[in-house]
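Here is a short walk through a predicted model.

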Amino acid sequence: MSIFSKIAAGEIPSYKCAENEEFYAFLDINPLVKGHTLVIPRREVDYIFDMEDDELARFEVFAKKVAVAIKRAFPCVKVGQAVLGLEVPHAHIHLVPMQSEKDMNFSNPKLSLSKEEMQEAADKIWTEFVKE
Ligand code: AMP
């Protein structure tokens with residue numbers, strides 16, 4: 001089981017932002033900015049472009065709903081999307097509230113937020129997500 005499968009199954013704690021039967025969203029533990037979120041399929045698949053067309057389409061629509069919630073929770077110019085997958089072999093979309101393109105530079109130093117700040121950020125996104 002990948003670390004992200006364990007997160008989606010609740011076996012490893014995470015700061016939950018959104019979920020449905022098929023997909024799960026939680027805060028990146030090393031955020032580029034406040035509100036940096038990861039979206040994953042519960043099904044274990046490493047490379048995003050190995051996903052079937054239908055599943056990939058549903059994945060992106062779910063990520064869109066999470067992005068809308070992030071933008072409401074963390075007002076920004078746009079929510080940027082990136083797929084790297086170089087570190088964790090379980091497909092995931094990074095969603096990053098951007099004030100400028102510099103916020104999408106994955107070489108930037110990561111923020112160090114307290115547990116309370118992380119929980120507060122996740123709760124804000126969750127609150128917006130469930131309003132839909
Ligand atoms: P990459 O696979 O290159 O897209 O990078 C994996 C991302 O997952 C990094 O941004 C990590 O900070 C993040 N990450 C790794 N483990 C966890 C975890 N347990 N909880 C939240 N985020 C994580």
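Helix H1 gives the most to the shell around the ligand, with three residues. H1 spans 3–8, and H1 and E2 are the elements that give two or more residues to this shell. Helices (H or I, at least four residues) and strands (E, at least two) are DSSP runs, numbered from the N terminus. Residues are numbered from 1 along each chain as its sequence is written.

The shell holds 16 residues, of which Asp 28, Glu 87, Val 88, His 92 and His 94 come nearest. By type, the shell has ten nonpolar, four polar and two charged residues. Here Ala, Val, Leu, Ile, Met, Phe, Trp, Tyr, Cys and Pro count as nonpolar, Asp, Glu, Lys and Arg as charged, and the others, Gly among them, as polar.

Now the contacts. The side chain of Asp 28 places an N or O atom 2.5 Å from a ligand oxygen. For Glu 87, a backbone N or O atom lies 2.9 Å from an oxygen atom of the ligand. On its own, the ligand has 500 Å² of accessible area (Shrake-Rupley method, 1.4 Å probe). The protein covers 88% of that.

Turn to the strands. E1 (residues 16–19) and E2 (residues 23–27) run antiparallel, joined by three bridges; pairing takes at least two bridges found by DSSP. Lys 16 stands opposite Phe 26 in E2. A hairpin of three residues links E1 to E2.

Technical notes. This is a predicted model: local features need pLDDT of at least 70, side-chain atom pairs count only at pLDDT 80 or more; totals for chains, interfaces and linings use all residues. Side-chain values use heavy atoms; hydrogens and water are left out. A residue is near a molecule or strand if one of its heavy atoms lies within 4 Å of it. A polar contact is a pair of N or O atoms within 3.5 Å; within protein, one must be able to donate a hydrogen and the other to accept it, and residues adjacent in sequence count only if both atoms are side-chain atoms.
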